[in-house]
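Please look at the sequence and the structure below. The text that follows goes through some charged side chains and their surroundings.

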Amino acid sequence: EGPPGGGKTTIAAALARSAEWTLVSTDVGAWFGKPVGTLGGVVQRGKAFFAELTAGPPERGVVGFLDEIDAIPNRATLTRDPSWWTPVVTMILTEIDALKRSGRKVLLLGATNHFDRLDPALVRSGRLETRVPVLLPDATERQDLLRHYAADALNPAELATLGRLSAGATPATI
């Protein structure tokens with residue numbers, strides 16, 4: 001969890017790369033898009049993502065990444081169309097449970113800018129249970145990012161100055 005542009009997607013990709021596992025990524029919000037924004041279409045897209053996590057050889061390690069997971073609503077705060085949303089949330093919870101029982105090497109990650117909006121059943125023990133804040137970089141980390149991307153264009157004093165002046169900037173902004 002963390003602010004937009006903070007590096008959540010980059011962290012998921014780096015975890016997969018460093019473990020030499022396959023990254024399977026989806027944007028949950030895209031499940032609801034056209035051309036198939038119906039309940040059946042949303043469920044089909046969600047099930048296809050989870051099926052992809054267990055496809056292939058059983059020894060293959062997979063990092064499954066659910067980006068924008070806050071697109072899955074909290075059932076306790078639903079005021080509009082709960083009969084439509086409840087099956088979607090239930091399908092996702094059921095798929096997570098089936099994934100756990102599959103015995104496959106899968107690390108399932110969800111990314112959000114709004115942890116407080118997630119359904120408690122989604123983030124309970126045994127599902128997406130570990131909350132990892134992705135914080136904004138401090139002055140040294142901002143300077144390191146600038147050095148990585150602009151070392152050829154800036155001298156060390158300029159890098160230090162920009163590192164100090166970019167307080168509050170996300171990695172995407174830098």
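Is glutamate 1 buried, partly exposed or exposed? The model is a predicted one, and in it glutamate 1 has a relative accessibility of 21%, so it counts as partly exposed; the buried class ends under 20%.

Side chains of opposite charge can pair when their charged atoms come close. Glutamate 1 forms a salt bridge with arginine 131, with an N to O distance of 2.3 Å. Glutamate 1 belongs to the segment before α1 (8-19) and arginine 131 to the loop between β3 and α4, so this pair ties together parts that are 130 residues apart in sequence. Arginine 131 counts as partly exposed, at 48% relative accessibility.

The loop between β3 (106-110) and α4 (139-150) also holds arginine 127. With a relative accessibility of 16%, arginine 127 counts as buried. A salt bridge joins arginine 127 to aspartate 97, and their closest N and O atoms are 2.7 Å apart. That pair links distant parts of the chain, since aspartate 97 sits in helix α3 (residues 82-101), 30 residues apart from arginine 127. The side chain of arginine 127 also reaches the backbone oxygen of alanine 121, at 2.8 Å. Beyond four places in sequence, the contacts of arginine 127 include Leu93, Ile96 and Leu122.

Another salt bridge is formed by aspartate 81 and arginine 80, whose closest N and O atoms are 3.8 Å apart. Here aspartate 81 is partly exposed, at 40% relative accessible area, while arginine 80 counts as exposed, at 64%. The count of salt bridges comes to six.

Definitions and conventions: Residues are numbered from 1 along each chain as its sequence is written. This is a predicted model: local features need pLDDT of at least 70, side-chain atom pairs count only at pLDDT 80 or more; totals for chains, interfaces and linings use all residues. Side-chain values use heavy atoms; hydrogens and water are left out. Helices (H or I, at least four residues) and strands (E, at least two) are DSSP runs, numbered from the N terminus. Buried means under 20% relative accessible area, exposed over 50%, partly exposed in between (1.4 Å probe, protein chains only). Contact means heavy atoms within 4.5 Å. A polar contact is a pair of N or O atoms within 3.5 Å; within protein, one must be able to donate a hydrogen and the other to accept it, and residues adjacent in sequence count only if both atoms are side-chain atoms. A salt bridge is a side-chain nitrogen of Lys or Arg within 4 Å of a carboxyl oxygen of Asp or Glu.
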